Each structure stands twice: as C-alpha cells, then as structure tokens.
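Look at the helices of the structure shown here. How do they pack, and what happens at their ends?

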Amino acid sequence: MNLGDITNLVIAVTSTVAILIAVYTFWKQNNQAKQFLGIQILREWESFFFSSPDMCRRRYVTCRFFKSGAKTDVPYEAWDVLDTFDSIATYFNRGIVEDDLAWSTYYYWLDMYWYLLKPHVDALHASTEGVPYLKDVDEMYRKLTKFGERNKKLPSLKLRFTDATVAEFINDEMRATYDPDWDVDDTGRDPVEPR
C-alpha cells in the first residue's frame with residue numbers, strides 16, 4: 001500500500017465514524033426531544049386534571065353520582081373524566097409519555113375511574129354496535145396495568161376494588177375536588193347536580 005491508499009483509507013474510516021457519530025447524536029437528540037415533549041404533555045395534563053376548577057367539578061359530580069348509588073345514566077361529567085384520560089392515552093399509546101411517568105402520575109385515578117365507569121363504557125359499546133369509543137384509554141389502561149403487575153407489585157383486582165377502597169376513593173375525591181361556592185347558584189338549584 002502506498003501513502004495515497006493509506007490516506008484514502010484513513011479518510012474513509014474517519015468519514016464513516018463521523019457519519020455514525022452524527023446518526024447516533026441525531027437519534028439521541030430525537031429521543032431527548034420526545035422525552036421532553038412527553039414530560040411537557042404530562043405536566044399540562046396533570047395541571048388540568050388536578051387543578052382546573054372545571055375538571056375538579058367534573059370529578060366531584062362523577063364521584064357524587066357513584067356515592068349516591070343512583071341507577072340512572074351516568075352524568076355527562078363522568079364521560080368528560082374519561083375523555084380527559086383518553087386525551088393523554090393518545091400520547092401514551094404512541095410512546096410519547098413513558099410508562100413509569102404515567103404510572104406514577106395518574107394510574108391510581110385511572111384505575112379507579114376505569115373500574116367505576118367500565119360497565120357504562122361496555123354498555124355504550126353494546127348500544128353502538130361495538131363502535132370502539134374510548135379505545136385509547138382502554139388500551140392505555142391495559143398497558144399500565146401490565147406495567148404495574150410487572151414492575152410495581154400491583155395487587156389483584158379483587159384486592160384493589162373492595163367496597164371499602166372504592167368508597168374511600170370516592171370520598172377522597174369528593175373532599176379533594178369540592179368547592180364551597182357550589183352550594184347555591186342564582187336559580188337555587190345545586191349547580192353540581194348531574195343533568
């Protein structure tokens with residue numbers, strides 16, 4: 001090999017290494033951007049779910065409905081609660097929100113609300129000939145439950161959903177979301193009464 005061949009070989013190897021480094025750097029930055037986006041989406045969702053007066057009202061109405069034991073259709077606020085989970089599920093199911101962050105941020109609430117509302121979702125599917133409404137939240141629930149069983153020692157359904165734990169969840173939610181300004185509105189009607 002002459003000096004020109006060695007120089008060309010060094011240039012080729014250096015170029016190949018530079019290309020590999022560039023590809024790795026691009027991949028790493030893309031993953032970091034995706035992770036940052038997932039955290040940002042999760043924080044905005046979390047702020048809305050736990051701090052928004054409107055969302056707190058929806059959660060309160062939903063839990064008050066279940067506490068009352070009413071046999072009527074669930075209030076529209078309950079569907080809004082599920083729609084909120086469905087919105088974050090869109091990002092979770094596409095891998096933008098990571099499993100462990102989703103688990104620690106909202107699985108407890110998802111688990112309980114899904115337990116309470118799943119029979120109503122099933123009835124909705126039956127009445128619409130199987131149209132998969134809330135498909136994303138259903139898929140997210142199954143994925144996060146499997147994640148919890150594998151990584152968080154999640155107890156069985158029977159242990160998670162005793163009458164006492166469900167009642168405690170409902171009471172805790174009602175206390176956490178209640179606003180004393182809701183007691184009476186201009187019409188004298190209870191403004192959180194399900195419509």
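Just after helix H3, Gly95 takes a positive phi of about 80 degrees. This is a predicted model, in which local features need pLDDT of at least 70, side-chain atom pairs count only at pLDDT 80 or more, and totals for chains, interfaces and linings use all residues. Residues are numbered from 1 along each chain as its sequence is written, and side-chain values use heavy atoms, with hydrogens and water left out. Helices are DSSP runs (H or I, at least four residues), numbered from the N terminus.

**Helix H3**

Start with length. The expected span of a helix is 1.5 Å times one less than its number of residues.

Next, burial. Buried means under 20% relative accessible area, exposed over 50%, and partly exposed in between (1.4 Å probe, protein chains only). The buried residues of H3 include Val81, Leu82, Phe85, Ile88 and Phe92.

**Helix H5**

H5 covers residues 135-151. Its 17 residues should span 24 Å, and the end C-alpha atoms are 24 Å apart, so the two values agree. Which residues of H5 are buried? They are Asp136, Val137, Met140, Tyr141, Leu144, Thr145, Phe147 and Gly148. Seen down the axis of H5, these fall within an arc of 160 degrees, so they line one face of the helix. The arc is that of the directions from the helix axis to the C-beta atoms. An α-helix has 3.6 residues a turn, so residues three or four places apart point the same way. The buried residues of H5 pack against helix H3 (76-93), helix H4 (99-127) and helix H6 (157-160).

**Two helix pairs**

Axes are lines fitted to C-alpha atoms, for helices over the stretch in contact, and angles run from 0 to 180 degrees between N-to-C directions.

| Pair | Angle between axes | Axis distance |
|---|---|---|
| H1 and H4 | about 40 degrees | 11 Å |
| H3 and H5 | roughly 60 degrees | within 8 Å |

H1 and H4 are therefore oblique to each other. Angles under 35 degrees count as roughly parallel, over 145 as roughly antiparallel, 65 to 115 as roughly perpendicular, and the rest as oblique. H1 passes H4 in a left-handed crossing. The crossing of H3 and H5 is left-handed. That word applies if the near helix is turned anticlockwise from the far one by less than a right angle; clockwise is right-handed.

Now the contacts. In H1, residues including Trp45, Phe49 and Phe50 belong to the set that meets H4, where the set includes Tyr106, Trp109 and Tyr113. Between H3 and H5, the H3 set includes Phe85 and Ala89, and the H5 set includes Val137 and Met140.

Most residues other than glycine have a negative phi. Leu134 has a positive phi, near 60 degrees. Leu134 sits in the loop between H4 and H5. At 10% relative accessibility, Leu134 counts as buried. Lys153 also has a positive phi, near 55 degrees. Its place is the loop between H5 and H6. Is Lys153 buried or exposed? Lys153 counts as exposed, because its relative accessibility is 77%.

Definitions and conventions
Helix = DSSP H or I, 4+ residues; strand = E, 2+ residues; numbered from the N terminus. Contact = heavy atoms within 4.5 Å.
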